[in-house]
Amino acid sequence: MTKHDPSRSSALSEDMNKHQQRQKHFSDLIALLPQSPNTPSQQKQQDPQSTPSHTGGHSNYFFETDKNLPPLNINLKSEIEIRPYQKEALDLIVNRSNDPSHTYIQSGLLVLPCGAGKTLASILVACSLKKSVLVVCSTVIAAEQFRKEFLKFTTVMGASLGMFAGDRKFPFNGRSGVLFATYSSLLESRYRTADAKRLSQFMENTEWGLCILDEVHCVPANHFSKAVKKIKAKVKIGLTATLLREDEKIGDLDDIIGPILYEAKWKELAEKGYIAKVICTQIEMDMTPVFAEAYANIAGGNTHHTKALLAILNPNKFRICEQLIRYHESKGDKVLVYIDHIDALKFYAEAMNRPFIYGDTPADRTQHILDHFSIPTRREITKLHWSDAAARQVDTRTPVNTLFLSRIGDTSLDLPEATVLIQISSHFGSRRQEAQRLGRILRARRRNETGFFSRFYTLVTSKTHEIAFSEKRRGFLESECGYDYAEWRIKGRIPNGGWDVETDSNISDRHVIDDEKHCEAALIATKPSEKLESEDEQLKHRAWVLGLKQNSEPEDDLGTVTPIKPTKRKLSASATLPPKRLKA
Ligand SMILES: Nc1ncnc2c1ncn2[C@@H]1O[C@H](COP(=O)(O)OP(=O)(O)OP(=O)(O)O)[C@@H](O)[C@H]1O
């Protein structure tokens, strides 16, 4: 028998009360809807100037004279400094006139580089409109971050913010508010809980003043475009940094949302210090002979997948990755390493004793790791103002300086500490993924330090599909955004433990790769790659690789993930688990 715990039972009855109140609140809200003057059919008669945008057409919304939608109490906090391009974007979206009846907002797209502050730009629109807002994001993490930015930048009350993302489902209080949802929550599902059904009904029946569509390049996918067209909103604003899709459906956005209203150039914002300048380097290395032999002799059904794994887990690539981490950690950088294949991700991260995040990582563990990633390195602390430094010194937690990520970290992660990105594997030739990943190091807090550059490395194995994919992936950043990639070719080892590099470009920073002395203070004291030196170890490693199943998070049209369960590692009789073996 379990002991009766009075505090637990009172907590439970409090929960019940809260649940009943919430249900009543839902019912009240839904009851309001049919009689509300905000229903679209009535709206048409009462407000002839406004064309409802849920028909899919472009609309101008004369919001100043609209008395039908309830007002939202929201203002920008007085201390916020809007950047010039954010102001320009706002002025193009909100057409102000001395006569309020001529002031209107139009639907369309806002195209700003990653990390330039699209969230705040769209919040500015919400602050002008002052009507209910539906924000649709690609992931739960992004929805949470959007909510935090509303609280950070505006005076809106927390109770006016609702959430319909993942297992966080609650409405806002009152007749007007902001609801944060994900694209997947717009889709019908048979498996909805009662709360989810009610929120979904509420979301569909409400007429929103503004609908903000984050990562809007996802929307042309058939299932999302249908769902988005159904949203009843006076105005829809789509946000993106990468107005491109590999299926060429990007033009559909003009019909679904509207035209491009504002676009800013990546290089221009970098020159002005709003986003970081970046050095992009492609590093190409051979496969070790043991891996090359397997690569050449692969036949049968899953050839492409196995070849891809051999290229990713090529021991030479592993060593270069280790060298870059050692070098950059020793310089006080914070490093993100991207690997799409989950087993390979775990192998690299476990061998190097660094944390990893992928689709199945529980939300609290993800938050914990991200919090530790944001703890400054010792080098950073010495540069802080003494009062900040004192506060940071008492933070005795161990910082995470290198974090391994699956493609779940491609978009929306806002980590201003990150200054270096190493791409080990990627989703074929996706130009969008390349640009989104680059975006993670554009928000670097150190971006205005003299001579500072973020570093973007992409590691490719010679004579494999990785070379052609990499060329395609760079296309958007090179031709549309003005980035250059230096190409380094690793020729071999040099006596001091570094690497011999061949390149056409002028390398002023070859010590990154060829001078072991620079890594003396590195935080990886041991070198896990040394365990992969012998042919015997490489044969075991290869046997493990050849036994791996397809295990990536599928790229859906969100450019994000529907996590799938990792397959159990099937090992051949002679294979062992490299991560455990490699640990010092
Ligand atoms: N005017 C501003 N003042 C201060 N901070 C700002 C301003 N504008 C944006 N920021 C900050 O810059 C960072 C990047 O902004 P945000 O996350 O909106 O970028 P984004 O354009 O959505 O990028 P991505 O496409 O990569 O998601 C955030 O930390 C945000 O708070």
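A polar contact is a pair of N or O atoms within 3.5 Å; within protein, one must be able to donate a hydrogen and the other to accept it, and residues adjacent in sequence count only if both atoms are side-chain atoms. This is a predicted model, in which local features need pLDDT of at least 70, side-chain atom pairs count only at pLDDT 80 or more, and totals for chains, interfaces and linings use all residues. Residues are numbered from 1 along each chain as its sequence is written, and side-chain values use heavy atoms, with hydrogens and water left out.

View 1. Oxygen atoms of the ligand lie 2.7 Å from a polar backbone atom of Gly-115, 3.1 Å from a backbone N or O atom of Gly-117, and 2.9 Å from a side-chain N or O atom of Arg-440. Of the 640 Å² of accessible area that the ligand has on its own, the protein covers 85% (Shrake-Rupley method, 1.4 Å probe).

**View 2. The shell around the ligand.** The ligand is surrounded by 17 residues, each with a heavy atom within 4 Å of it, and the closest are Gly-115, Lys-118, Thr-119, Asp-414 and Arg-443. Helices α4 (118-129) and α5 (140-153) each supply at least two residues of this shell (helices are DSSP runs of H or I with at least four residues, strands runs of E with at least two, numbered from the N terminus).

**View 3. The open sheet.** In the order β14-β15-β13-β16-β17-β12-β18-β19, 8 strands form an open sheet with mixed pairing, where two strands pair if DSSP finds at least two bridges between them. Strands β14 (356-357) and β19 (499-503) are the edges, each pairing on one side only.
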